[in-house]
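Morning, everyone. Let's walk through one structure together, starting with its charged pairs.

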Amino acid sequence: MKLNKKALNQVSFWEKVQIQIPKFEIDDLAEKTAKEPIWLHFGSGNIFRGFVAGLQQNLLHQKLTGKGIIAAELFDFEIIDKIFIPYENLAIAVTLKSDGTMDKQVIGSICE
């Protein structure tokens, strides 16, 4: 499995492994966000990627916003170089529910 924007075009694969993919055009979102940013988030670790960016993705899916998040790192610069850049700002969030099931989704709301 590769995690990049091109791989998201293989919809049947993501359905088969039961991972939700973004329901919006990531490149368009990044362009709109770059032109008129509304959210710069300092601190781009696990909680940000799994929770905060997931909340923004939910707003994008509901069409309550048309902008993504720009992430900045002040402490551990390797996060940007090793976690964001190689995967084109995508992340996979897995939420374990109390009944033992999991929600899995590709987070695409981080634009830069």
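Lysine 5 and aspartate 27 join their side chains in a salt bridge, 2.8 Å from N to O. That term means a side-chain nitrogen of Lys or Arg within 4 Å of a carboxyl oxygen of Asp or Glu. This pair links distant parts of the chain, 22 residues apart: lysine 5 sits in the segment before α1 (11-16), aspartate 27 in helix α2 (residues 26-35). Helices (H or I, at least four residues) and strands (E, at least two) are DSSP runs, numbered from the N terminus.

A word on the source: this is a predicted model, where local features need pLDDT of at least 70, side-chain atom pairs count only at pLDDT 80 or more, and totals for chains, interfaces and linings use all residues. Residues are numbered from 1 along each chain as its sequence is written, and side-chain values use heavy atoms, leaving out hydrogens and water.

By this rule there are 5 salt bridges. Another joins glutamate 31 and lysine 35, at 3.3 Å, N to O. Both lie in helix α2, 4 residues apart, about one turn of the helix.

Next, lysine 67 and glutamate 36 meet at 3.7 Å, N to O. Lysine 67 is in the loop between α3 (46-61) and β2 (70-72), and glutamate 36 is in the loop between α2 and β1, so the pair ties together parts 31 residues apart in sequence.

Buried or exposed: which is lysine 67? Buried, at 16% relative accessibility. Glutamate 36 is exposed, at 52%. The cut-offs: buried is under 20% relative accessible area, exposed over 50%, partly exposed in between (1.4 Å probe, protein chains only).
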